[in-house]
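This report looks at a few neighbouring parts of one structure. Please view the sequence and the model before reading on.

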Amino acid sequence: MKHVIALDVGGTGMKAALVGADGTLLYEARRATGRERGTGAVVAGILDFAAELRDHGHHRYGRPAVAAGVAVPGIVDSERGVAKYSANLGWRDLPLRALLSERLAGVPVALGHDVRTGGLAEGRVGAGRGTDRFLFVALGTGIAGAIGIDGATEAGAHGYAGEIGHIVVRPGGPACGCGNRGCLEALASAGAVGRAWAAASGVPGADAADCARAVAAGDPGAVRVWREAVAALADGLVTAVTLLDPRTLIIGGGLAEAGETLFTPLRAAMAERVTFQRLPAIVPAALGDTAGCLGAGLLAWDLLTGSAGPGSYAGAAGHGAGSGPAGSGPDGGPAGPGASAGSGTAGPGSYTVSESAESHKSDESAESHKSDETNETESTPDREVSA
Ligand SMILES: [Zn+2]
C-alpha cells in the first residue's frame, strides 16, 4: 500500500506514523526525544526513528514510504528545509530535510513548523475541516498560531507568521520571554494562567487546569484570574480577527481543555469587543496531540500531489534554479519525464533521487545567508507550545 512517513518532534517526545493516501494512520509509534543526551543524539534519534518506520512500512506493505513529512519546534525555514533554531533541542541551521532524505533513500521530505503543521491538520481534517480561511491558536506553555488559507498555512517571508502570542495587549505588563512586556503569551497562555493562579492561591505548582477546576467550583480568586486571562485573550484574538477575517477560529493547547469554562466567556468577550468585524466560528481543536503527526502526513502527501502551499518542497525545488531533471528548464517549459505538463507545479513522480542533490544546494544557500539572520534568531525565543 502506498504510504508516507509522518514525524512530529516535540521537546520531550516524538510521535511518528505511516499515513495512507486517504489520511488514515496505518501505524503509530512514540518515543522520547531524549534532549538530555544532547543535540547530536536528538538528531541521530530522529533519523533512526524515520529509518525504522521506512523499514516497517517496507516489511508490512511490500514497498517503502514514498515521501516523508516532519514537524519540528522552534524557527523553521520550510522552503529551504532548514530547522533554523530551537532553544529546547539545541540546534541551529540544521539541514534536516536533506539529512532525512539521504537517510530515506532519496524520497522527498517536507519540513514544517510544529504549530503550523498541527494547525494545517486542524484546518484540513480536524475542527476546521472544509473551511477556506482559518486561524489556529494553541494556548500551551506559550501561545502560537497558524494562519490557514485555502488548505495551506502562511509562513510569512521569514517563517515568523502567526506569532500571535507576541501581540502586546497590556503595554508595560508582565515580562515576556521574547524581551517585550505585556505580550498575550505572558497573560493568557496555560503557563501564564498557571503562574497567576499559583500566586493567587498560594499553592506552588498549581497549574491552569487547577485554576479551571476552581473556576468551575466558583472560587472567586480563580474567577478573577480567569477573567483577566480571558479579557487579554479576547483583546489579542480580536486584533487577529480584524487583520485576518478568518471564517473559523480553532483554539487548542492545554488551556482549551477547560472546554466551556473557556469558550463561553471567550465568545462573549469577543462579541463585546467587535464593532464592524465579523466574528468567526470559535471552536475547540479536535485532533489533540495527533495533530502534528497528521499535519506532517499532509505535508508529505502534498509533495506528491503538487497541491502544496507556501513553504512546500515544490517551492524549494524552484529555489534551486531548476537545473535538475525534475525542475523546469530555463525556458520555463516542462522538463523531464514526470514533470506535470506545462504547469510550474510538480506532479506525482517528479521527485526522483536527483532531488536530494537539489536540497543540498538549497541548504548551502541557507548557510550563506546565516549571518544576515543571526540577529533575528538570537533575539527570538523558542516557543514550544505543548498543544
Ligand atoms: Zn512576547
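## The β9–β10 hairpin

A hairpin of three residues connects β9 to β10. The model is a predicted one. Strand β10 covers residues 143–149, and its pairing with β9 is antiparallel, with seven bridges. Within this pairing, Phe136 has Ala146 of β10 as its bridge partner.

## β9 and its parallel partner

β9 also pairs with strand β12 (residues 248–252); these two run parallel and are joined by five bridges. Phe136 has a bridge partner here too, namely Ile250 in β12.

Is β9 enclosed or open? Of its seven residues, six are buried, so β9 is largely enclosed by the rest of the structure.

## Helix α5

Helix α5 spans residues 190–201, twelve residues in total. From first C-alpha to last, α5 reaches 16 Å, close to the 16 Å expected at 1.5 Å a residue. Just after α5 comes Gly202, with a positive phi of about 75°.

The buried residues of α5 are Ala190, Gly191, Ala192, Val193, Gly194, Ala196 and Trp197. Their cover includes β9 (133–139), along with α4 (185–188), α6 (208–216) and α7 (220–244).

## Ala212 in α6

Helix α6 contains Ala212. Ala212 counts as buried because it has 22 C-beta neighbours inside 10 Å, and the cut-off for a buried residue is 20 or more.

Beyond its neighbours within four places in sequence, Ala212 is in contact with Ala258 and Thr261. Ala212 and Leu262 lie 50 residues apart in sequence, while their C-alpha atoms are 8.2 Å apart in space.

Notes
Residues are numbered from 1 along each chain as its sequence is written. This is a predicted model: local features need pLDDT of at least 70, side-chain atom pairs count only at pLDDT 80 or more; totals for chains, interfaces and linings use all residues. Helices (H or I, at least four residues) and strands (E, at least two) are DSSP runs, numbered from the N terminus. The expected span of a helix is 1.5 Å times one less than its number of residues. A residue is buried if 20 or more other C-beta atoms lie within 10 Å of its own, exposed if 12 or fewer, and partly exposed in between; C-beta atoms are placed from the backbone. Two residues are in contact if their C-beta atoms, placed from the backbone, lie within 7 Å. Two strands pair if DSSP finds at least two bridges between them.
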